Amino acid sequence: MSKKISKIVGFLILLISFFFFSGSLWIKNTFGSVTVEEIIFNMKVPLEGTNTTFIYSFILEVLIVSIVLAVISYFILLKNYKNSIEIELTFRKHKFKGTVFPISKMFRIIIIIIIFVLSILYSFKKLDLGEYIKNQVAKSTLIEDEYVDPKKADITFKGEKRNLIYIYLESMESSYTSIENGGVEQEDLIKPLSELAYNNISFSNSSKLGGALSVPGTTWTVGALVSQTSGLPLKISIGENSYGEYNTFLPGAYTLGEILEENGYNQEIMFGSDASYAGRDHYFVEHGNYKIWDVNTAIEEGKMTEADKVWWGFEDKDLFEWSKEEILDLASQDKPFNFTLLTADTHFEDGYLSEYCNAKYDDQYSSVISCESDLVYEFVSWIQSQDFYDNTVIVISGDHLTMDTDFFEGLAPSYERTIYNVFINSAVQTENTKNRLFTTLDLFPSTLAAMGATFDGDRLGIGTNLFSNTKTLAEKYGIDVFRDELSKTSIFYNNEFVYD
């Protein structure tokens with residue numbers, strides 16, 4: 001190998017080393033406890049709609065830093081030194097000249113190898129890559145053993161079909177409530193949401209205000225949307241699959257949207273961001289033929305311009321206001337409707353504090369969370385004042401736990417953070433709401449039950465109807481075993497749901 005090629009190879013190894021190191025550090029500092037599955041998923045889908053703040057941050061803190069460190073290392077380790085590094089210093093008119101240390105070719109190679117190995121080991125530890133690879137090798141049959149195919153289930157809507165308004169709240173945890181209510185805050189940051197939970201049906205993992213436990217495949221927004229509408233986690237394998245080709249999105253899954261479409265529902269979903277981000281538009285069009293309403297729609301309809309974009313698109317205050325117009329239009333038609341929306345203001349890091357919100361707290365994220373709670377309460381009050389409300393079910397759920405890297409700093413490891421949920425105006429009631437072990441996978445059959453639909457066995461997907469007394473899989477196996485099994489590779493899942 002020529003000297004020139006050797007230097008190029010050495011430089012590339014250094015560049016890769018620093019990219020792994022700075023990339024791992026950036027991911028943890030920016031996204032907190034992000035999973036490898038989420039990283040791989042976002043690498044396999046288009047980047048349209050991504051918040052440019054993260055892109056610029058990645059370019060500055062990962063790409064540029066990696067290049068700068070690689071260049072510096074190149075001049076130290078790969079430049080044509082004969083036998084040693086000579087330095088010359090001047091101090092108070094005195095010159096000092098000498099050899100720092102010998103830097104033979106073998107020594108340089110060893111240093112480069114050490115840098116490479118340490119960077120890879122750091123990335124493995126920081127991102128838990130070893131555990132992910134282990135789980136790719138390990139196999140589980142839990143999904144195969146427990147899956148109840150909604151397509152084959154006898155799902156029946158009795159009487160007049162109820163409308164559904166499903167509100168996904170970005171990063172909304174029950175943990176934001178007060179310690180007295182079961183949360184971790186001295187003052188309840190989500191007092192209006194807490195009130196909705198206490199006055200309606202809200203399932204809890206404790207005797208107080210709690211919520212759903214987080215499990216693999218549901219811990220980021222797209223995974224949450226999939227889990228709550230299909231009763232399936234979003235599992236991403238290393239190998240090629242339909243995400244890579246991006247022709248279909250879980251083609252084998254049968255979801256809430258498809259069930260309601262078959263039952264004559266008009267369906268629409270509204271995003272304050274670009275719906276194409278992470279393939280969300282594909283999922284909802286393919287699974288229920290939803291009408292998509294997003295930031296691009298708002299621009300097309302003249303509600304805003306490109307210059308008006310903030311945060312991920314437009315702020316949640318506009319999301320709720322424009323949702324009202326869409327809901328009234330759906331309600332005026334002669335079909336039942338399913339209107340779904342996803343908020344964005346409480347997205348990490350620190351959220352987006354609009355001019356509408358008051359900076360009630362010293363830290364911005366607390367103020368954003370509190371403002372979001374007020375907005376949701378006002379929106380629910382508006383729905384309850386409408387003529388169609390008597391025949392409408394409202395489901396409010398956080399999508400996943402917050403990924404804000406420092407908001408829960410210092411929290412006791414024994415405290416189990418949970419995802420907020422509430423069912424308003426449900427067609428069925430239950431007293432079995434407290435001290436439940438459940439996940440967002442269970443919200444799929446529970447939503448149908450709240451709408452008055454019946455099905456045998458109280459199970460759909462791998463979710464359980466929480467309005468029944470049937471044990472959830474988290475209760476059946478224990479949450480630790482359940483999480484462990486969902487982390488492993490499921491050949492059944494890949495064959496049945498992923499591959500087209």
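Lys-324 is buried, with a relative accessible area of 17%, where buried denotes under 20% relative accessible area, exposed over 50% and partly exposed in between (1.4 Å probe, protein chains only). The structure is a predicted model, in which local features need pLDDT of at least 70, side-chain atom pairs count only at pLDDT 80 or more, and totals for chains, interfaces and linings use all residues. Residues are numbered from 1 along each chain as its sequence is written, and side-chain values use heavy atoms, with hydrogens and water left out.

Lys-324 forms a salt bridge with Glu-321, the closest N and O atoms lying 3.1 Å apart; a salt bridge is taken as a side-chain nitrogen of Lys or Arg within 4 Å of a carboxyl oxygen of Asp or Glu. Glu-321 is partly exposed, at 36% relative accessible area. Because the two residues are three apart in helix H13, Lys-324 and Glu-321 are separated by about one helical turn. Helices (H or I, at least four residues) and strands (E, at least two) are DSSP runs, numbered from the N terminus.

Under the stated criterion, the count comes to 11 salt bridges. Among them, Lys-291 and Glu-326 meet through their side chains at 3.2 Å, N to O. This pair links distant parts of the chain, with Lys-291 in strand E6 (residues 291–293) and Glu-326 in helix H13 (residues 316–331), 35 residues apart. Lys-291 is partly exposed at 40% relative accessibility, whereas Glu-326 is buried at 8%. A further salt bridge joins Glu-306 to Lys-309, with the closest N and O atoms 3.3 Å apart. Glu-306 is exposed, with a relative accessible area of 51%, and Lys-309 is partly exposed at 37%.

Most residues other than glycine have a negative phi, and most peptide bonds are trans. Ala-278, although not a glycine, has a positive phi of about 60 degrees. Ala-278 is located in the loop between strand E5 (266–271) and helix H11 (280–286), and it counts as buried at 1% relative accessibility. Asp-458, likewise a residue other than glycine, has a positive phi near 60 degrees. The loop that contains Asp-458 runs between strand E10 (453–454) and strand E11 (459–460), and Asp-458 is partly exposed, with a relative accessible area of 24%. The peptide bond from Phe-348 to Glu-349 is cis, with omega near -5 degrees. Glu-349 lies in the loop between strand E7 (337–342) and helix H14 (364–384).
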